[in-house]
Amino acid sequence: MVQLHLPTLNPPTPPIDGANIFQVETWKLAMRKHDKQSKARRCNNDRIYSLIIGQCSQALQNRIKAHPNWNNVDGTSNVISLLKIIQACMVQWQTKKYKY
């Protein structure tokens with residue numbers, strides 16, 4: 001199975017010497033970049049979540065919604081968890097025994 005995870009966005013470490021203007025400005029630029037990346041990830045998360053759900057067949061959507069973690073994943077719109085549920089649904093064998 002494929003291991004799914006997003007790389008963590010770690011904020012830059014603050015400058016050691018607050019009096020050094022070059023270090024402070026470099027840190028400010030790194031913080032702006034970090035904030036921009038964090039905002040883009042949050043903004044795109046809902047779009048990607050909707051896109052993935054929309055590409056699933058109705059049968060697969062029913063299997064996804066029957067998964068025990070579905071309510072938590074749907075409430076948070078967690079893309080990685082959704083992909084893990086889809087992966088589990090596609091790998092898991094579905095068999096039914098009928099009593100005659």
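How many positive and negative side chains does the protein have, and how far apart do the centres of the two sets lie? The protein has 14 positive and 5 negative side chains, with 17 Å between the centres of the two sets. In this count Lys and Arg are positive and Asp and Glu negative, while His and the chain ends are not counted. Each charge is placed at NZ of Lys, CZ of Arg, CG of Asp or CD of Glu.

The structure is a predicted model, in which local features need pLDDT of at least 70 and side-chain atom pairs count only at pLDDT 80 or more, whereas totals for chains, interfaces and linings use all residues. Residues are numbered from 1 along each chain as its sequence is written, and side-chain values use heavy atoms, with hydrogens and water left out.

The secondary structure comprises four helices and zero strands, in the order α-α-α-α along the sequence. Helices (H or I, at least four residues) and strands (E, at least two) are DSSP runs numbered from the N terminus. The protein is more spread out than a compact globule, because its radius of gyration of 21 Å is well over the 13 Å that the globule rule gives for 100 residues. The radius is taken over C-alpha atoms, and the rule is 2.2 Å times the number of residues to the power 0.38. The C-alpha trace spans about 80 × 25 × 20 Å along its principal axes.

The accessible surface comes to about 8,400 Å², with 58% of it belonging to carbon and sulfur atoms; areas come from the Shrake-Rupley method with a 1.4 Å probe, and for residues only the protein chains shown count as cover. Of the 100 residues, 20% count as buried, meaning under 20% relative accessible area (exposed is over 50%, partly exposed in between; 1.4 Å probe, protein chains only). Contacts (heavy atoms within 4.5 Å) with a separation of 6 or more are made to 57% by residues 24 or more positions apart.

Leu82, in helix α4, counts as buried because its relative accessibility is 0%. Leaving aside neighbours within four places in sequence, Leu82 is in contact with Tyr49, Ile52, Ile53, Ile64, Trp70 and Val73.

Ser77 lies in the loop between α3 (70-76) and α4 (79-91) and is buried, at 15% relative accessibility. Beyond neighbours within four places in sequence, Ser77 is in contact with Asn45, Asp46 and Tyr49. Ser77 has a positive phi of about 55° although it is not a glycine. Most residues other than glycine have a negative phi.
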